[in-house]
Amino acid sequence: MISLYKDQHSGDSAASSARTKTNTAETPRLRQPPSHIESNGKLNERNTPIFKQRLSILSDDSIFLFALSLGRHGYFVTCNDLDNMTQVIRKAILICKALLFTVRTASNFILGISCDRIRAWRASRPLPSNAKSDIPQNIVVIGASFAGYFAASRIARFLPSGDTHRVVVIEPNSHFQFTWVLPRFCVVGGHEHKAFIPYGGLLKGVSSSKIRWIRDCAVSVDQDNVKLRSGNKIPYKYLVIATGSNNNGKLPSRVGSERKEEGEALLREMQSKIKESQNLVVVGGGAAGVELVADAKSRYPDKHITLVHSRAALMHRFGPELQTAALESLQKLGVELVLGERVTSDQPVEGFINTDSGRRLECDMIVSYASIYYD
Ligand SMILES: Cc1cc2nc3c(=O)[nH]c(=O)nc-3n(C[C@H](O)[C@H](O)[C@H](O)COP(=O)(O)OP(=O)(O)OC[C@H]3O[C@@H](n4cnc5c(N)ncnc54)[C@H](O)[C@@H]3O)c2cc1C
């Protein structure tokens, strides 16, 4: 923090000294100037080597004028204060950013609510009679995870009144599968059920005539219909495809089952395999890989755990500070890190797995986040 030193001799009026006295009485933080500031407000050069060094580009006169102008306003800033000033400015900038963020979030929220109300009002108006048809038109949403579930909920809320349109969701999973918790739940037991959230929460208040949920999987799409695994065809007017990114559909990235009970069992199986392994190799040092490795090593400190990552830095999609923090934390935990190399298979052979540099890693279990598929 900047300390303020009241100059009891500067200032050109009695009012100034009166103000000084009042402030001194009211503000216990005010102190006498230190030795390198003389009582007349000038800097004592002999006692201010750091200050002089830092301001060496300024002439003595400039330093004097600088000090004097501060003195005229009744305050001195010492060289230590200048040392801290950068920190204070940084903190001030951070506080400003935090304030701006809060204001922006609050205004977006208020704006969002207002827009929703306007949309709901507009949607509640009946369509012109020539736009009506006896059969509701389908707005089909394929996939109900983060993107599709949210899209379905929003669209259903703002459909025009009457039975002209409806949302049809096609999703094979019995529950919303909250993938973000999977790295931890692959290691830590007793929480598996929390990865499966019943559908419906986002649809509260939506009329049942506006939404139809089909638990099935889309296998093909043509210009007018979506064909399902069951063989049924769903006609559509509008189509939202939210089937997510390509993945191998298995743990540790995805649950690997459409049913909650089976998904929980798969998680428990993974937990016991990790628990039993002696030499665990995790492939992929992105956020999920780092989390799983950190959890496994924290829980089983005696286990030999290696993290293999093809890039030079862990969590390469994040900033350098977080990358360094992740690296240091894993090193501190005792995880062996192999960076800039790739494993050459997805299964250990005779207790080892190789990397493309020819390194042989002892391994009796491999957990892979890599999106590479081996023959
Ligand atoms: C382990 C892990 C941790 C993560 N952690 C974070 C995090 O902390 N923060 C973050 O922001 N992001 C995180 N992510 C990324 C985030 O989960 C994804 O960005 C997000 O899941 C993408 O959502 P989505 O709806 O597009 O696709 P997905 O979540 O992949 O969902 C696709 C949906 O489509 C369904 N579907 C697929 N094919 C069909 C079909 N043919 N017919 C019908 N339905 C189908 C699937 O059943 C599924 O429900 C994480 C991802 C993983 C794997």
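## Q323 and its setting

Q323 touches A313, L314, M315 and F318, not counting residues up to four places away in sequence; contact here requires C-beta atoms, placed from the backbone, within 7 Å. The model is predicted: local features need pLDDT of at least 70, side-chain atom pairs count only at pLDDT 80 or more, and totals for chains, interfaces and linings use all residues. Residues are numbered from 1 along each chain as its sequence is written.

The C-alpha atoms of Q323 and A313 are separated by 6.6 Å, the two residues being 10 residues apart along the chain. Q323 is partly exposed because 19 other C-beta atoms lie within 10 Å; buried means 20 or more such atoms, exposed 12 or fewer, and partly exposed in between, with C-beta atoms placed from the backbone.

Q323 lies in helix α9 (residues 320-333). Helices (H or I, at least four residues) and strands (E, at least two) are DSSP runs, numbered from the N terminus. The 14 residues of α9 should span 20 Å at 1.5 Å a residue, and its end C-alpha atoms are 20 Å apart, which agrees; the expected span is 1.5 Å times one less than the number of residues. After α9 comes G334, whose phi is positive, near 95°.

For the whole protein, the following values apply.

| Property | Value |
|---|---|
| Helices in the protein | 9 helices |
| Strands in the protein | 17 strands |
| Buried, of the 375 residues | 24% |
| Contacts with a separation of 6 or more that join residues 24 or more positions apart | 67% |

Notes: Two residues are in contact if their C-beta atoms, placed from the backbone, lie within 7 Å.
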